[in-house]
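Student: Please walk me through this structure, and tell me what stands behind each label you use.

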Amino acid sequence: MEPTRLWALWTAYAGDGDDSREEWSTLIGRWSEPHRRYHTLAHLLFMLELLDAQDAEPATMLAAWYHDAVYDPASSNNEDDSARLAEQSLPRLGLAGMADRVGDLVRMTADHQHPDGDDQAALLLAADLAILGQPPALYLRYVEGVRAEYAHVGDHDFRAGRSAVLRGLLDRERLFEHPAFTDLEATARANLQAELTIYDSSPPGR
């Protein structure tokens, strides 16, 4: 991990005052929680670099910082809790004018749906899903990380839940609605289908 790069990608949008430094430390701590295996600082930096390469707007960059800041695999409210954290924290950094927009963007990561014409939302959601379109070896590491985060779920239930997620993604007309990421579509679909085939061929069990 490159803390210097992460710091640069924070201070460019949140400043480097005392309140910003305190919030930085809090966020780094959250993204470093021991139960995380995929939703880690590596995932955060990967997203931030993709967004930075596309000259994402400040609110979009901040939404990446907060989008999984609250992450409990046993909770169904992570996105809303993360959005609330952003909405409460950003005014303390002098960024009250962006708080609502950042919160809205974070909430969109719950179902990866966005309003028509919202280019920045499409960019954020595409960056969040970009791991799906990486080479198979990297995709496998992502899958292993997700499974480790759900270690509290038995194999049978995990296969059922994960299969439903994969089918939902494959049923979409497009996984990546931002033009900068359309070249990932074919690889992502191949990865998703390969993973789904494994679960479909697995023997029933507990």
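Student: Why is Asp 68 called buried?
Tutor: Buried means under 20% relative accessible area, exposed over 50%, and partly exposed in between, computed with a 1.4 Å probe on protein chains only. Asp 68 has 7% relative accessibility, so Asp 68 counts as buried. A word on where such values come from: this is a predicted model, in which local features need pLDDT of at least 70 and side-chain atom pairs count only at pLDDT 80 or more, while totals for chains, interfaces and linings use all residues. Residues are numbered from 1 along each chain as its sequence is written, and side-chain values use heavy atoms, with hydrogens and water left out.

Student: Where does Asp 68 lie, and what does it touch?
Tutor: Asp 68 is in the loop between α4 and α5. The helix names come from DSSP: a helix is a run of H or I with at least four residues, a strand a run of E with at least two, numbered from the N terminus. Contact means heavy atoms within 4.5 Å. Leaving aside residues up to four places away in sequence, Asp 68 touches Trp 31, Arg 36, His 39, His 43 and Ser 82. Also, 41 residues along the chain separate Asp 68 from Leu 27, and their C-alpha atoms are 9.9 Å apart.

Student: How do you know that the length of α1 agrees with what a helix should span?
Tutor: The expected span is 1.5 Å times one less than the number of residues. For the 12 residues of α1 (residues 3–14) that gives 16 Å, and the end C-alpha atoms are 16 Å apart, so the two agree.

Student: Which residues of α1 are buried, and what puts them on the same side?
Tutor: They are Leu 6, Leu 9, Trp 10, Tyr 13 and Ala 14. These residues cover an arc of only 110° around the axis, and therefore sit on the same side of α1. The arc is taken from the directions that run from the helix axis to the C-beta atoms. As background, an α-helix has 3.6 residues a turn, so residues three or four places apart point the same way. Among the elements covering the buried residues of α1 are α2 (18–31), α3 (41–53) and α4 (58–66). On the face turned away from the buried side are the exposed residues Thr 4 and Ala 12.

Student: Which is Asp 55, buried or exposed, and which is His 112?
Tutor: Asp 55 has a relative accessible area of 66%, so Asp 55 is exposed. Asp 55 lies in the loop between α3 and α4 and, although not a glycine, has a positive phi of about 55°. His 112 is at 15% relative accessibility and therefore counts as buried. His 112 is in the loop between α6 (96–108) and α7, and its phi is also positive, near 55°.

Student: What makes a space a pocket, and what is the volume of the second largest pocket?
Tutor: On a 1 Å grid over the protein atoms alone, a pocket is an open set of points with protein on both sides within 12 Å along at least five of seven lines, and lining residues have an atom within 4 Å of a point. Grid points are joined across faces, edges and corners, and the volume is the space filled by probe spheres set on them. For the second largest pocket this is about 350 Å³. Its lining includes His 43, Phe 46 and Arg 141, and α8 gives the largest share, 4 residues.

Student: How much space lies in the largest pocket, and which residues are closest to its centre?
Tutor: The largest pocket holds about 880 Å³. Of its 27 lining residues, the closest to the centre are His 39, Glu 79, Tyr 150, Arg 162 and Val 165. α9 contributes the largest share of the lining, 6 residues.

Methods. 1 Å grid on protein atoms, 1.4 Å probe; cavity = no way out; pocket = protein on both sides within 12 Å on 5 of 7 lines; lining within 4 Å.
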